[in-house]
Amino acid sequence: MSGKATRAAGRERLGYLPYLVPGLLLFTAVIGVPFAMNVATGFTEWDGVGTPEWAGLANYARLAGDGEFWASFRHNALVIVAMAIAPTAIGLVLAALLTDLVDRHFGPRAASVLRACVYLPQVLPIVIAGVVWSWLLNPQNGAVNEVLAAVGLESLAHDWLGDPATALWSVLAVMVWVQIGFPLVVFMSGLQRVDPSLYEAAEIDGASWARRFRHVTVPQIRPEIFVVLLWTTIASLKVFAPIYVLTKGGPGGATSVPAYYSYQNFFDKTDVGYGAAITTVLTLIIVALTVVFLRAQGQGPEGER
Amino acid sequence: MTATLTGTGARPRRERRDARRRRGPSAYLVLVLLFALAGVMLIPFAVVVLNALKTPEEYSANGPLALPEGFSLEGVTAFWERTDFGQVLFNSALISGSVAVLAVLLSVLNAYALGIGRIKGRMWVLVVLLLANTLPQEALVYPLYYLAKQVGLYDTRLAVVIVFTVIQSAFGTYLLASVLSAFPRPLLEAARIDGASRWQVLRHVVVPVVRPTMAVLLVFFFVWTWNEFLIPLVFLVSNDNQTVSVALGVLQGQRLMDATMSSAASLLGLLPTVLFFLVFQRTLSRGLTAGALK
């Protein structure tokens with residue numbers, strides 16, 4: 001009996017397959033084939049013109065001993081903090097404050113105005129964010145240095161993007177500014193789903209704001225937290241445009257990240273094979289991370305229930 | 001807000017008034033801090049507006065923080081003419097709008113098969129589809145450039161639309177599939193027993209329920225595509241096809257702009273997205289509240 005039922009269920013599921021066909025065909029043409037070509041290029045020596053020459057694992061052997069490549073990975077670890085972990089944490093607290101405190105005590109209008117302000121940098125094209133921050137941080141009459149001078153902290157004025165000691169930190173700060181809005185909006189929409197009586201009950205029981213945050217807010221929007229953390233972590237691993245616009249990986253590679261390093265190899269050094277190898281390694285890391293995240297997401301909440 | 005007036009409306013409203021009365025000094029402190037944070041987030045926008053309206057002489061004399069002495073559109077018009085900005089705006093709108101609509105449709109179809117259909121191995125299909133959005137675009141741009149030339153789509157807006165429809169729909173598929181996997185099964189089964197085909201279930205049962213999420217995705221996709229840089233830069237070489245980001249990036253790269261012209265360029269570059277956002281921010285929150293009422 002159960003065998004027949006599963007077969008019927010299987011046939012029922014097969015009926016949904018046609019809905020996946022357009023997506024899979026487009027995916028193959030736009031992602032699958034080009035990616036396979038890129039992986040193949042990683043095993044060759046190629047300057048972008050003529051025929052690629054088979055090189056086996058030579059590019060990968062080179063990678064293992066390339067200090068610049070490893071340095072770019074260390075920078076990327078910090079980028080994950082600036083683009084994924086910090087914005088998620090800040091976004092979570094802000095979303096809870098806006099929903100639980102501002103919305104309820106000062107009305108939804110105040111909450112949505114504040115949300116709009118924090119989200120605004122997200123709608124700014126990254127190229128423009130780069131242009132703007134390049135001047136704000138400009139060593140000659142840039143706004144940041146002018147403000148420091150105005151409040152008497154002239155000694156702190158600095159060539160923020162030009163000094164290897166501060167370049168990376170300046171870029172990271174810009175990334176936090178750009179990124180906070182995304183988790184905030186997703187978390188606030190998740191919190192709309194939460195039954196307000198949960199908060200009221202907790203409040204009547206005398207639970208502090210911090211306790212309500214830990215025991216009501218966070219567990220209720222766990223799915224959103226997973227989605228946002230996964231998404232922002234992936235975005236930070238392939239970060240390119242902010243680095244390109246703000247510093248071009250400089251000064252002296254101080255802000256280089258793997259995505260930018262591969263770009264340099266593709267277009268500046270026309271070492272296409274080596275660039276392809278870098279992006280292949282980066283892709284493997286991202287895929288592994290995605291699988292781990294999705295596994296954790298699939299198991300975590302159900303295991304507790 | 002209007003929705004709360006129906007049904008159990010009376011009670012929550014009274015409670016809301018009570019809550020307002022209860023707000024203490026610490027609530028005000030938090031509110032002030034939040035507004036301060038919001039102000040800090042907006043400073044760069046203010047600086048852009050401030051300097052876009054100055055003449056170059058004024059900028060070099062007074063620096064970036066001084067208020068403009070008059071209302072000069074010199075930088076704005078210079079930039080507009082140099083880039084043929086009307087055409088550039090149209091290109092960006094056409095590409096982002098097409099991608100937003102097509103990618104939402106594709107996401108719904110994918111998510112229907114994965115989330116509702118629960119096709120075997122859907123976990124792996126999802127991981128593979130996610131590759132579209134997770135792969136570094138540098139890993140695709142060379143082969144895509146080569147292939148586009150082979151099929152005659154190089155330097156066309158259509159090529160960029162196709163590529164980003166696939167890339168954006170990965171996130172939409174992921175989000176919608178996880179929403180749809182929690183879809184109330186009895187509702188689906190009832191419709192199927194009543195003789196509705198899968199297509200009818202999708203159109204008349206599933207889509208109306210997830211419409212708020214679709215609206216949110218539409219806004220996200222539009223903005224994300226508008227802001228893309230690397231692939232449009234490689235694909236759209238001729239001036240007639242360039243997007244806002246590409247036109248700005250190219251000009252910035254040539255270092256031909258003075259400070260007021262770059263701020264004017266920034267202003268023109270960010271205005272459309274900010275306007276779009278302000279218009280749709282209402283739809284966004286309304287969609288999200290409507291979703292919460294269920």
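## A buried residue in chain A

A:Val131 counts as buried because 25 C-beta neighbours lie inside 10 Å, where 20 or more are needed. This residue belongs to helix α6 of chain A. The model described here is predicted.

## Overall form of chain A

Chain A contains 15 helices and 2 strands. Its C-alpha atoms fill a box of roughly 80 × 70 × 30 Å along the principal axes. The radius of gyration of chain A is 24 Å, whereas a compact globule of 305 residues would have one near 19 Å.

Of the 305 residues in chain A, 45% are buried.

## Contact between the chains

Chain A gives 66 residues to the contact, and chain B gives 74 residues. On the side of chain A that touches chain B, the elements giving two or more residues include α2 (21-41), α4 (67-106), α6 (126-136) and α15 (272-304) of chain A. The largest share of this side, 10 residues, comes from α2(A). By class, the side of chain A that touches chain B has 49 nonpolar, 12 polar and 5 charged residues.

## The nonpolar core

The largest nonpolar core has 158 residues. The members that touch the most others are A:Ala95, B:Tyr112, B:Ala132, B:Val163 and B:Phe221. In soluble globular proteins, nonpolar side chains tend to be buried together.

Beyond its neighbours within four places in sequence, B:Phe221 is in contact with B:Val99, B:Ala100, B:Ala103, B:Val104 and B:Gln168.

## A partly exposed residue in chain B

B:Phe35 is part of helix α2 (residues 25-52) of chain B. B:Phe35 counts as partly exposed because it has 15 C-beta neighbours inside 10 Å, a count between the limits of 12 or fewer for exposed and 20 or more for buried. The C-alpha atoms of B:Phe35 and B:Leu50 are separated by 21 Å, with the two residues 15 apart along the chain.

## Confidence in chain A

The average pLDDT of chain A is 84, and 94% of the residues score at least 70. Within chain A, confidence is highest in α2(A), at a mean of 92, and lowest in helix α1 (residues 2-14), at 66.

Over residues 301-305 of chain A, pLDDT stays under 50, and the model has 1 contact beyond four places in sequence for them. Where pLDDT is low, the predicted coordinates should not be read in detail.

Terms used: Residues numbered from 1 in each chain as written. Chains lettered and ligands numbered in written order. Contact = placed C-beta atoms within 7 Å. Helix = DSSP H or I, 4+ residues; strand = E, 2+ residues; numbered from the N terminus. Nonpolar A, V, L, I, M, F, W, Y, C, P; charged D, E, K, R; others polar. Core = buried A, V, L, I, M, F, W, Y, C linked by C-beta atoms within 7 Å. pLDDT = per-residue confidence, 0-100. Rg over C-alpha atoms; globule rule 2.2 N^0.38 Å.
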